[in-house]
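This report describes the local architecture of one protein model. The sequence and structure are shown first, and the description follows.

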Amino acid sequence: MKGYIHSIETFGTVDGPGIRYVIFMQGCPMRCLYCHNPDSWKFHKENGKTVDEILEDYNRYKPFLHKGGITVSGGEALLQIDFLIELFEKAKEENIHICLDTSGVPFNRSKKYLNKIDLLLKNVDLVLLDIKHIDDEEHKKLTGRSNKEVLDFANYLSRKNIPVWIRHVIVPNITYKTEYLLKLGEFLAKLNNIKAIDILPYHTMGVSKYKNLGIPYPLEGTEALTKEHARKAYDVVIYSIKKKRAELKKIQIGENIA
Ligand code: SF4
């Protein structure tokens with residue numbers, strides 16, 4: 001079996017712990033307005049690699065990948081789940097730390113899919129889950145897809161106790177609103193597997209790719225945000241998580257007394 005690869009980064013420092021070998025898979029069903037990888041959207045059968053070819057390449061860089069491992073990202077990595085099952089299984093035999101970076105949007109509860117996702121997750125050390133927007137209607141406007149599967153996947157991972165880093169991009173007038181950050185916190189408060197929350201400021205680094213592809217940039221004129229904005233948004237999310245958890249605790253205590 002071959003996996004169809006968009007590109008590989010051999011010294012990744014932002015997609016999981018340590019220094020990582022990051023595989024960006026081809027194809028994505030979403031069309032996020034701020035996507036900085038529009039060249040990964042299309043799936044075409046070029047640059048196919050077998051699991052053995054990837055692991056052989058990984059092992060060339062292994063001495064430099066301090067406290068890292070392999071991260072599979074995209075596009076949307078889960079579109080090639082059969083390949084990932086094989087890759088993660090063999091990588092685990094070599095004791096490699098595995099991160100799956102996903103939007104969660106392909107997740108569904110069909111028996112066939114759950115069998116596959118369970119096979120995959122048994123070899124995943126950490127999921128980097130991108131929650132693009134907490135509000136379903138806004139999520140549709142931002143990405144072209146509902147967030148129902150994304151939030152369902154978050155709940156599924158929590159139930160399975162798979163460690164997760166939540167990633168959320170704040171964009172002016174889209175996600176950078178108190179109302180939505182509070183709502184995001186309320187949702188996250190109910191999960192018990194969160195190891196970190198990355199609130200990332202919107203940037204415009206992908207704009208030139210749109211020009212090269214001849215696609216109009218959907219967020220033309222939207223100003224990039226700063227780390228300071230991200231810090232403020234993070235504080236709102238954390239405040240909301242704490243508030244919601246305190247409420248849930250009170251309800252639980254109340255139920256126990258009753
Ligand atoms: S999920 Fe990622 S690759 Fe796909 S459109 Fe959104 S930002 Fe781009």
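Strand 6 (residues 126–130) is mostly covered, with 5 of its 5 residues buried. Buried here means under 20% relative accessible area, exposed means over 50%, and partly exposed lies in between (1.4 Å probe, protein chains only). Helices (H or I, at least four residues) and strands (E, at least two) are DSSP runs numbered from the N terminus. The model is predicted: local features need pLDDT of at least 70, side-chain atom pairs count only at pLDDT 80 or more, and totals for chains, interfaces and linings use all residues. Residues are numbered from 1 along each chain as its sequence is written, and side-chain values use heavy atoms, with hydrogens and water left out.

**Strand 6 and its neighbours**

In a regular strand the side chains alternate between the two faces of the sheet. Leu-126, Leu-128 and Asp-130 point one way from strand 6, Val-127 and Leu-129 point the other way, and all are buried. Strand 5 (residues 98–102) runs parallel to strand 6 and is joined to it by 4 bridges; two strands pair if DSSP finds at least two bridges between them. Between these strands the chain passes through helix 3 (residues 111–121), and this β-α-β crossover is right-handed. The term right-handed applies if, with the strands pointing away from the viewer, the path from the first strand over the helix to the second runs clockwise. Strand 6 also pairs with strand 7 (residues 164–170), in the parallel sense and over 4 bridges. Leu-128 stands opposite Trp-165 in strand 7, while Leu-126 of strand 6 has Cys-99 opposite.

**Cysteines**

Cys-99 is buried, at 0% relative accessibility. Cys-28 is buried as well, with a relative accessible area of 16%. Cys-99 is in no disulfide, and its nearest cysteine sulfur, that of Cys-28, is 19 Å away. With a disulfide defined as a pair of cysteine sulfur atoms within 2.5 Å, the count comes to 0 disulfides.

**Aromatic pairs**

Rings of Phe, Tyr and Trp (its six-membered ring) pair if their centres lie within 6.5 Å; planes under 30 degrees apart count as stacked, over 60 as edge-to-face and the rest as tilted. By this rule there are 8 aromatic pairs, including the two tabulated here.

| Pair | Centre to centre | Angle between planes | Class |
|---|---|---|---|
| Trp-41 and Tyr-210 | 6.3 Å | 80 degrees | edge-to-face |
| Phe-107 and Tyr-113 | 6.2 Å | 80 degrees | edge-to-face |

Trp-41 lies in the loop between strand 2 (20–25) and strand 3 (48–49) and Tyr-210 in helix 7 (residues 207–213), so their pair ties together parts that are 169 residues apart in sequence. Trp-41 is buried at 15% relative accessible area, and Tyr-210 is buried at 1% relative accessibility.

**Nonpolar core**

In soluble globular proteins, nonpolar side chains tend to be buried together. A nonpolar core is a set of buried Ala, Val, Leu, Ile, Met, Phe, Trp, Tyr and Cys residues joined through side-chain atoms within 4.5 Å. The largest such core has 75 residues, and Ile-117, Leu-120 and Leu-188 have the most contacts inside it. Helix 2 (residues 81–93) gives the most to this core, with 7 residues. Not counting residues up to four places away in sequence, Leu-188 touches Ile-131, Ile-166, Ile-194, Ile-197, Val-237, Ile-241 and Arg-245, where contact means heavy atoms within 4.5 Å.

**An exposed helix residue**

Lys-227 lies in helix 8 (residues 227–257) and is exposed, with a relative accessible area of 73%.
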